[in-house]
Amino acid sequence: MISPKTLTTTAGNPIANNQDSLTAGPRGPLLLADYQLLEKLAHQNRERIPERTVHAKGSGAYGVLSITHDISAYTKADVLQPGKKTECLVRFSTVAGEAGAADAERDVRGFALKFYTEEGNWDLVGNNTPVFFVRDPYKFPDFIHTQKRHPKTHLRNATAMWDFWSFMPESLHQVTILFSDRGIPLTLRHMNGYGSHTYSLINKEGVRFWVKFHFKTLQGIKCMTNEESSELIGHDRESNQRDLFNAIESKDFPRWKFQIQIMTQEQSASAPFNPFDLTKVWPHGDYPMIDVGILELHRNPENYFAEIEQAAFSPSNVVPGISFSPDKMLQARIFSYADAHRHRLGTHYEMLPVNRPKCPAQTYHRDGAMRFDEPKIGDAYYEPNSFGGPREDPTYSEPPEPLGEVTVDRYHEDRSMSHPCCAYGNEAIKNTEQLFEQKTSAGEIDDFTQAGALFRLMKEEEKKRLFSNIAQSMRGVPQTIQERQLSLFRRVDPAYGDGVEAALKLN
Ligand code: NDP
């Protein structure tokens, strides 16, 4: 029997010498028969898996979700019943930077949660902002190209970002949050998390409610200025990872208050905005916060690669009592996230220990890369079968979603106007005022009011920092693009456009 202290090959063969390669004399050459050396080099070549296209740099920890309030009127989900405690994994991330990027950059932060419930995994894959840059997933790959490196220079490219945003008025709300104080959280513990999309909750009577999920930091919101983050990055590129890891090691467990907003089907029909539009929030005054519970993180992973790099979150993972909504961005992510993990980790990525549900997963998916369990299925390897294999259970049926009369089309929200993108390349589009005249008066779609509400919430000092952050980011961007964007800011609030213009001149 080999001692547990003896080094072996991956096949368990003991290794007698792990210092010197096998050679035909002290000066070489090497022999092909040195399998130990070949295996070692081959493994080194394979130690990286494809980096996530977005959200590549992340930090994670385990915790528990405790339900302290009764929301059973809205949902039958076991994980959300009063008194329930559910183990979970959280992964925070920046969006644009690569796996080695500095943590303290101005960027949206991912806030991805996996709850290991008794009814399968529930993944809530949100951000630290309640809204997003685009409302239609058709634009998502283009948007991400603008955040990544220029194909020729291999540099990050402010012109691409502002060019795209200046054609995309629906980005104004998220752009305003990104360049506000909250655009650089001090640590991952000092920011909120939002499910961002509208989801649905279904109660025992089969009634569906629309819902927004919020996680409010109990550490308080704390942020950094551009100057503070530059200084920090100069001596610590891993500030978020270090802070989260050390806080948990020293038992200073971070906590968030878990709240929801609810909208009935009737309210959604008469809401003055599209409640399934990811560029919009539901005003707190109209849809008040409802307390649900507490999220606490209390355990660091033992192995970063196995448990955080290989963690795979997907909004497709929902449990009975929690479901989807008509949000187009959500529907695209339901496909796209699981697909990304099949590419990044392999077909059976849900079987990796960090992703595996704590309850049995009973599927008829069969072979493929990394099928490493031994499913005891006998002759029940297809469905339906006569051999007692798992079967569907109609008690889990969801109530139908009333869609009314449906006309399939490629909808832009306001069909009465041409989208600024449709006219791009046209010199006249330096200034977007005229285009939006029609749009605002039509009243069908409004990309400006909520961004303006946020702008007007800010104190004078916050506004000044917003202007300066935007002006710094726009440095070197061609003037036509700057002008187009300024006319959008003016639509949000004249003081917003004027403030950014003045800061640009100061630049
Ligand atoms: P309220 O006055 O009821 O809501 C104000 C909310 O704004 C706060 O609760 C806080 O959200 C959030 N907020 C404050 N400062 C900032 C900032 N610098 N960056 C981002 N968010 C901030 O008004 P409304 O509900 O009508 O919202 C007004 C604006 O506030 C929205 O357009 C949106 O930009 C922003 N907001 C609204 C949220 C919502 O769910 N209604 C959530 C987050 C932002 P929080 O409590 O989540 O920290």
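Analyst: Helices and strands here are DSSP runs, numbered from the N terminus: a helix is H or I over at least four residues, and a strand is E over at least two. This is a predicted model, where local features need pLDDT of at least 70 and side-chain atom pairs need 80 or more, while totals for chains, interfaces and linings use all residues. Residues count from 1 along each chain as its sequence is written, and side-chain values use heavy atoms, leaving out hydrogens and water.

User: Okay, how many helices and strands are there in the protein?

Analyst: There are 14 helices and 10 strands.

User: Where is Phe133 found?

Analyst: Phe133 sits in the loop between β4 (120-127) and α2 (140-147).

User: Which residues is Phe133 in contact with, leaving aside its neighbours within four places in sequence?

Analyst: Contact means heavy atoms within 4.5 Å. By that rule Phe133 touches several residues, including Phe143, Trp165, Leu178 and Thr279.

User: What share of the contacts between residues at least 6 apart in sequence join residues at least 24 apart?

Analyst: That share is 72% in this protein.

User: How many disulfides does the rule give?

Analyst: A disulfide is a pair of cysteine sulfur atoms within 2.5 Å, and the count comes to zero. For Cys88, the nearest cysteine sulfur is that of Cys359, 16 Å away, and Cys88 is in no disulfide. Cys359 is in no disulfide either, its nearest cysteine sulfur being that of Cys88.

User: Are those two cysteines buried or exposed?

Analyst: Cys88 has a relative accessible area of 0%, so Cys88 is buried. Cys359 has 16%, so Cys359 is buried too.

User: What is the phi of His154, and what is the phi of Ser196?

Analyst: Most residues other than glycine have a negative phi, and most peptide bonds are trans. His154 has a phi near 60 degrees, a positive value, and Ser196 has one near 65 degrees, also positive. His154 lies in the loop between α2 and α3 (158-166), while Ser196 lies in the loop between β5 (193-194) and β6 (199-202).

User: What makes one of them exposed and the other buried?

Analyst: His154 has a relative accessible area of 54%, so His154 is exposed. Ser196 has 8%, so Ser196 is buried.

User: Which kind of peptide bond, cis or trans, runs from Gly28 to Pro29, and which from Glu383 to Pro384?

Analyst: The Gly28 to Pro29 bond is cis, with omega near -5 degrees, and Pro29 belongs to the segment before α1 (35-45). The Glu383 to Pro384 bond is cis as well, with omega near 5 degrees, and Pro384 falls in the loop between α9 (328-344) and α10 (433-442).

Notes
Buried < 20%, exposed > 50% of the residue type's maximum accessible area, 1.4 Å probe, protein only.
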